Amino acid sequence: MIKFLYKKALKPIFFRKDPEDVHDRMLIVGAFLGRFKLTRTILRLVFRYDNKMLEQEIDGIKYTNPAGLSAGFDKDANLIDTLYHVGFGFMQVGSVTLNPYEGNPKPRLYRLKKSEGLVVYYGLKNIGVDKIIEKVKKLKKNNNFPISFSIAKTNSTESSTVEGGIEDYYQCMEKLVSADLGDFYTINISCPNAYGGEPYTTPDRLDKLLSKLSEIKTDKPRYVKMPLNLPLTDFNDLLKIIIKFKFEGVIIANLNKDRNSNEIKDEIPENIQGGIGGRPTFSLSNELIKQTYKLYGSTLTVIGVGGIFSAEDAYTKIKLGASLVQLITGMIYEGPSLIKEINKGLVRLMKADGFDHITEAIGYSVIKDDE
Ligand SMILES: Cc1cc2nc3c(=O)[nH]c(=O)nc-3n(C[C@H](O)[C@H](O)[C@H](O)COP(=O)(O)O)c2cc1C
């Protein structure tokens with residue numbers, strides 16, 4: 001019913017308007033709904049689905065379900081009080097950077113309707129770590145709802161040298177750790193839209209970055225958000241560095257930079273810059289999840305993201321080795337009831353496969369292939 005309403009009534013209106021405007025308005029409405037007990041209760045009754053089969057403890061953190069909001073939707077921590085009630089199992093705030101950045105010139109969000117994708121060119125727009133800490137400190141922590149801060153380097157010329165960038169990441173993370181905020185930290189090395197590109201996606205530079213960040217003492221898990229467009233061997237070289245520094249996991253993966261991908265069915269105008277989220281990330285991310293689980297499933301936690309539009313999509317990533325999943329674009333195309341649909345659908349799909357709990361399904365396709 002809610003999905004029907006969204007797709008037949010709201011989406012046609014939203015999709016005629018500027019995507020960034022719609023996004024900003026959704027954040028205002030979402031933050032408002034999270035402010036009051038009554039609206040939170042209504043949200044929860046309409047959108048939330050809980051089932052013991054979906055509950056897990058991963059790297060010491062308890063999750064009520066595996067479906068999380070990916071980094072980039074709630075850059076400035078406006079929805080922390082809302083998303084649990086919309087049905088999510090966890091969320092990422094950010095990407096957050098040491099200094100604020102107003103974002104790249106517009107347009108920085110563009111719909112690829114036929115491909116069910118979004119071209120994203122925000123360039124790490126956010127209000128900066130100090131303001132975010134101030135905001136989050138005022139909120140009451142919901143113990144059932146893990147939050148991860150996605151940490152990136154400020155999009156500026158000063159932080160575009162290798163050393164300058166490392167210092168920027170370091171100070172940002174240091175502030176979050178000192179404030180004791182968040183349940184786990186994610187180091188985003190794969191924003192395709194920032195000044196100076198993605199310097200830490202080579203093994204030597206990633207080594208330098210993680211070496212410095214490892215000086216920050218924290219008991220909380222640390223993950224790395226991976227790029228999508230690396231060949232498997234280069235991707236594997238980065239995983240080895242991540243394991244060397246004993247990071248707990250990886251998030252696979254960020255936006256698709258390949259505009260020639262077969263999954264892109266729309267013409268993209270010349271003035272539209274940026275990486276692509278949504279369906280055009282699905283199969284590449286699955287390939288990387290599978291290889292990571294196959295090689296390092298017992299060492300690294302994998303969070304799968306990219307092109308999830310249904311319970312079946314989420315289940316595919318889980319069976320390839322993802323312990324948790326995240327999404328943004330699917331929710332924009334399908335509406336907020338998608339989260340409940342995913343969680344309910346996962347239970348149905350697991351039962352059909354004879355599983356009693358999600359942990360039995362994680363990596364099942366890879367294990368079965370190897371037998
Ligand atoms: C509007 C938007 C903004 C994004 N901003 C960030 C970001 O700040 N940091 C990050 O790590 N990923 C960012 N991403 C990438 C997403 O977290 C995700 O990896 C990617 O979109 C694939 O997931 P999806 O197909 O469910 O959208 C952004 C994606 C979108 C759509």
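**Pockets, cavities and the ligand site**

Modeller: The lining of the second largest pocket divides into 3 nonpolar, 3 polar and 4 charged residues. Here Ala, Val, Leu, Ile, Met, Phe, Trp, Tyr, Cys and Pro count as nonpolar, Asp, Glu, Lys and Arg as charged, and the others, Gly among them, as polar. This is a predicted model, in which local features need pLDDT of at least 70 and side-chain atom pairs count only at pLDDT 80 or more, while totals for chains, interfaces and linings use all residues. Residues are numbered from 1 along each chain as its sequence is written, and side-chain values use heavy atoms, with hydrogens and water left out.

The search runs on a 1 Å grid over the protein atoms alone. A pocket is an open set of points with protein on both sides within 12 Å along at least five of seven lines, a cavity is a set where a 1.4 Å probe fits but cannot get out, and lining residues have an atom within 4 Å of a point. Points are joined across faces, edges and corners, and a volume is the space filled by probe spheres set on them.

The second largest pocket holds about 220 Å³. Its lining includes Arg40, Asp81, Lys140 and Lys141, together with Tyr84 and His85.

The largest pocket has a volume of about 660 Å³. It is lined by 28 residues, and Tyr6, Phe14, Met26, Phe73 and Pro336 are the closest to its centre. Two or more lining residues come from each of α1 (2-14), α2 (19-33), α3 (37-47), β5 (109-112) and α10; helices (H or I, at least four residues) and strands (E, at least two) are DSSP runs, numbered from the N terminus. α2 gives the largest share, 7 residues. By class, this lining has 23 nonpolar, 4 polar and 1 charged residues.

The largest cavity has a volume of about 520 Å³. Among its 36 lining residues, Ala71, Gly72, Asn254, Leu255 and Ile328 lie nearest the centre. Elements that give two or more residues to this lining are β4 (90-96), β6, β11, β13 (324-327) and α10 (329-334). The largest share is that of α10, with 3 residues. The lining counts 16 nonpolar, 18 polar and 2 charged residues.

The largest cavity is the space taken by the ligand; a molecule is assigned to a cavity or pocket if more than half of its atoms lie within 2 Å of its grid points. Around the ligand are 23 residues, the closest being Ser70, Ala71, Ser95, Gly278 and Thr329, where near means a heavy atom within 4 Å. This shell has 10 nonpolar, 11 polar and 2 charged residues. β6 (117-120) and β11 (275-278) each supply at least two of its residues.

Taken alone, the ligand exposes 600 Å², of which the protein buries 98%; accessible areas come from the Shrake-Rupley method with a 1.4 Å probe.

The second largest cavity holds about 80 Å³. Lys153, Tyr169, Asn188, Cys191 and Gly197 lie nearest its centre.
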